Amino acid sequence: MIVSEITRKRVEHRPLSHLHVFIQMFLLFVFIGYWFHGSLGLIQTLSQESIKIEQLDPGPLHRGDNTTTLTVNNLTRSVITIILDLRTVPGLYFRNTQEQFIYMLQPGEKRIIRSQYHYDHLTADGFLRVRLYYPSVSGAGVTTLGNPFFEKRVSVGADNPDLDPLPFKIRESSHYRIYYYPDSLAEHDLDKIIASHDRGFEEIATILGVSYDRKIPLIYFPDEETKVKETGHHGAGLSTGSVIVEVYNQQVKLDPFHETAHILAAKLGDPAALFNEGFAVYVSETLGADALDELGSPGKTCDSAVREHRAKGDYIPLLQLLSFDDIGPNESRPTISYPEACSVVRFLIARYGMERFRTGYSKVAAGDTKDFESIYGASINEIEQAWLKSIASTK
Ligand SMILES: [Zn+2]
């Protein structure tokens, strides 16, 4: 049998980084087709109309090089091209890797596909995600993948003796698995940390109307130097989509709600930064935190920060704010855009209700004025004027 691996692409997924706030949307939940929750050494049979997947063996599952074996059978009388996508997720703050392999299957061919993957690090949360796609090629030769027709997440870390040694103690609360250094301030404050986080989690989930049944890993480093050494990431905070990493000491204590808001709201969608960051800051303020403490206006409410900036001529029109796909980088003028987004979200929820906000969160991407206006039944300009009028006299 001719080996027809024709291309091979390696992508390294680094933790994204902006100072304290951001979200990386790993599309862990986006799939159509088939999902089997992971177990080791599984053998499954899956029939599609045109492809039969007879076996998936993830291999020995240790740190270093591994080989996964997949048996596929082309049931048609045509040549079929499939893409195998392997993502290694070591867990915690360690970097994911992703590799894609393209195969052409001859009519009726049954093929055993062996593919390499690699873990530099591995923790108890680690897993391997295996996806298969039918690629489609546009007229310009651009390959797009769309949705996978097969997805399986294989637990690699659970009960595996070959894990990275970690410097942490671990405690589980109702909604978090908390990692902290022995004798650190985080350990000293742990009961307080757990109380505020679990309360925040439950209130945010209630506000959003979402459920999240896994525990959020929450990792505390005693200082930035240690955090940089362990994670390679500078700054006081880091969130990788579903894991929160923070410095915690006398000088640095981050907002207990902001990142959790991102993680839970991601269940609704991946909207424009106006919705995404606006909601995180809004909910943090609503739950009683100093939401703008690290965002340029400590001690101020979002509405008052907007009024003060605007009085000095520092203002981002709503149309432009809606066009941002990220708030945080310098070009988004974060000290202005965070409080504005928060203030707009507060107005939208108060004036139009949570249900419409949920719809907006799931639909309105950056720059999508059409959906925004249709969901709120008013023009951007009308909403902007009503919002500015509403905050003229708030706290
Ligand atoms: Zn944020």
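How many of the six residues of β15 are buried? In this predicted model, six of the six are buried, so β15 is largely enclosed by the rest of the structure. The report below begins with the chain as a whole, returns to this strand and its sheet, and then turns to other parts of the structure.

## Overview of the chain

The protein chain contains 11 helices and 17 strands. It has 395 residues, of which 38% count as buried. Where residues at least 6 apart in sequence are in contact, 67% of those contacts join residues at least 24 apart.

## The five-stranded sheet

Strand β15 belongs to an open sheet of five strands, arranged in the order β13-β14-β15-β17-β16, with mixed pairing. Its edges are formed by β13 (169-172) and β16 (237-239), each of which pairs on one side only. On average, and with direction ignored, neighbouring strands of this sheet are turned by 15° against each other. Strands of a sheet pair through backbone hydrogen bonds, in either a parallel or an antiparallel sense.

The pairings can be followed strand by strand. Strand β14 (residues 176-180) runs parallel to β15 and is joined to it by four bridges; within this pair, Arg 177 has Pro 217 of β15 as its bridge partner. Strand β15 also pairs with β17 in the parallel sense, again over four bridges, and here Ile 219 stands opposite Val 245 in β17.

Helix α3 (residues 224-231) lies across β15 (216-221), β16 and β17. The helix runs at about 145° to β17.

Strand β5 (residues 64-74) pairs with two strands described here. With strand β4 (residues 51-57) the pairing is antiparallel and extends over six bridges; Lys 52 stands opposite Asn 73 in β5. The hairpin of β4 and β5 has six residues between the strands, and in it Gly 59 takes a positive phi near 90°.

The pairing of β5 with strand β8 (residues 110-119) is also antiparallel, over 10 bridges. In this pairing Asp 65 has His 118 in β8 as its bridge partner.

## Helices α4 and α5

Helix α4 (residues 258-265) and helix α5 (residues 273-286) have axes that come within 8 Å and cross at roughly 130°. That angle makes α4 oblique to α5. The crossing of these two helices is right-handed.

From α4, the contact involves His 258, Ala 261, His 262 and Ala 265, which meet Asn 276, Phe 279, Ala 280, Val 281, Val 283 and Ser 284 in α5. By class, the contact has six nonpolar and four polar residues, and no charged ones.

## Helices α6 and α8

Helix α6 (residues 302-311) packs against helix α8 (residues 334-352) at an angle of about 125°, and their axes lie 8 Å apart. The two helices are therefore oblique to each other. Helix α6 passes α8 in a left-handed crossing.

On the α6 side the contact is made by Cys 302, Asp 303, Ala 305, Val 306 and His 309; on the α8 side, by Ile 336, Pro 339, Glu 340, Cys 342, Ser 343 and Arg 346. The contact of α6 with α8 comprises six nonpolar, two polar and three charged residues.

Is Leu 319, with 14 other C-beta atoms within 10 Å, buried or partly exposed? A residue is buried if 20 or more other C-beta atoms lie within 10 Å of its own, and exposed if 12 or fewer do; Leu 319, with 14, is therefore partly exposed.

Leu 319 is located in helix α7 (residues 318-323). Leaving aside its neighbours within four places in sequence, Leu 319 is in contact with Thr 369 and Ile 380. The C-alpha atom of Leu 319 is separated by 8.6 Å from that of Glu 384, and these two residues are 65 residues apart along the chain.

Methods:
Residues are numbered from 1 along each chain as its sequence is written. This is a predicted model: local features need pLDDT of at least 70, side-chain atom pairs count only at pLDDT 80 or more; totals for chains, interfaces and linings use all residues. Axes are lines fitted to C-alpha atoms, for helices over the stretch in contact, and angles run from 0 to 180 degrees between N-to-C directions. Angles under 35 degrees count as roughly parallel, over 145 as roughly antiparallel, 65 to 115 as roughly perpendicular and the rest as oblique. A crossing is left-handed if the near helix is turned anticlockwise from the far one by less than a right angle, and right-handed if clockwise. Two residues are in contact if their C-beta atoms, placed from the backbone, lie within 7 Å. Ala, Val, Leu, Ile, Met, Phe, Trp, Tyr, Cys and Pro count as nonpolar, Asp, Glu, Lys and Arg as charged, and the others, Gly among them, as polar. Two strands pair if DSSP finds at least two bridges between them.
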